[in-house]
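Me: I am new to this structure. Please take me through the labels used for it, and say what each one rests on.

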Amino acid sequence: MTRKRSVTIYSEDEKDAIRAQKDRPQARQRCPVCGTLGLRRYYSMVEGRTRPSIASLAWCPNCHTYTGSTGPALGRVVVTDPVKDDPNAPKDSGSQEAMDKYLSFLDRLWDAGRLPQRIVRGDIGS
Ligand SMILES: [Zn+2]
């Protein structure tokens with residue numbers, strides 16, 4: 001497997017391949033670009049709309065290809081957000097370099113055991 005760091009977004013076909021694996025344990029979800037097992041995800045609550053939403057970011061720890069989406073929370077609550085809680089967290093917007101830095105930051109949180117997060121079903125938004 002080759003290690004590339006182009007920090008690109010998954011294509012529609014690759015996103016389909018990821019969606020098709022969503023019922024597998026995280027450690028068994030495979031990156032459709034480089035074949036690495038263990039796709040990672042980070043979730044954050046999005047407030048300020050009519051209903052709470054959850055933004056999710058899925059990325060590969062090897063090649064840093066990623067995809068993000070936002071959907072209705074449907075009663076789910078992201079209990080912890082180690083990115084929001086960290087004043088030194090880099091921003092996820094802007095250049096490829098910024099995104100690579102952001103994903104590397106998430107990788108460090110993951111390796112430190114602060115990701116993945118716990119998501120519970122709560123009463124919010126119901
Ligand atoms: Zn990959």
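Reply: Take one pair of residues to begin. Y43 has S56, in β2, as its bridge partner. Keep in mind that this model is predicted.

Me: How do you know that β1 and β2 pair?

Reply: Count the bridges. Two strands pair if there are at least two bridges between them. β1 and β2 have 7, in the antiparallel sense.

Me: What joins β2 to β3?

Reply: Bridges again. There are 7 of them, and the two strands run antiparallel. β3 covers residues 66-72. Within this pairing, A58 stands opposite T67 in β3. A55 stands opposite T70 in β3. At least two bridges are needed for a pair, and β2 and β3 have 7. They therefore pair as well.

Me: What lies between the strands in the hairpin of β2 and β3?

Reply: 6 residues. H64 takes a positive phi near 60° in this hairpin.

Me: What is the order of the strands in the open sheet?

Reply: The order is β1-β2-β3, and the pairing is antiparallel. The sheet has 3 strands. From one strand to the next, the twist averages 20°.

Me: Why are β1 and β3 said to stand at the edges?

Reply: Look at their partners. Each has a single partner strand, so one side of each has no neighbour in the sheet.

Me: Which residues touch the most other members of the largest nonpolar core?

Reply: Y42, L57, A58, W59, C60, Y66 and L103 do, in a core of 17 residues. Elements giving two or more residues to this core are β1 (40-46), β2 (53-59) and α2 (96-111). α2 gives the largest share, 4 residues.

Me: What makes this a nonpolar core?

Reply: Members must be buried, must belong to a set of residue types that includes Ala, Leu, Trp, Tyr and Cys, and must be joined through C-beta atoms within 7 Å. In general, nonpolar side chains tend to be buried together in soluble globular proteins.

Me: Which residues is Y66 in contact with, leaving aside neighbours within four places in sequence?

Reply: I9, Y10, L57, A58, W59 and L103. Contact here means C-beta atoms within 7 Å.

Me: Why is A98 called partly exposed?

Reply: A98 is in helix α2. Count its C-beta neighbours inside 10 Å: there are 14. Buried needs 20 or more, and exposed needs 12 or fewer. The count of 14 falls in between, so A98 is partly exposed.

Me: How far apart are A98 and V7 in space?

Reply: 9.7 Å, C-alpha to C-alpha. In sequence, they are 91 residues apart.

Technical notes
Residues numbered from 1 in each chain as written. Predicted model: local features only at pLDDT ≥ 70, side-chain atom pairs only at ≥ 80, totals over all residues. Contact = placed C-beta atoms within 7 Å. Axes fitted to C-alpha atoms, helices over the stretch in contact; angles between N-to-C directions.
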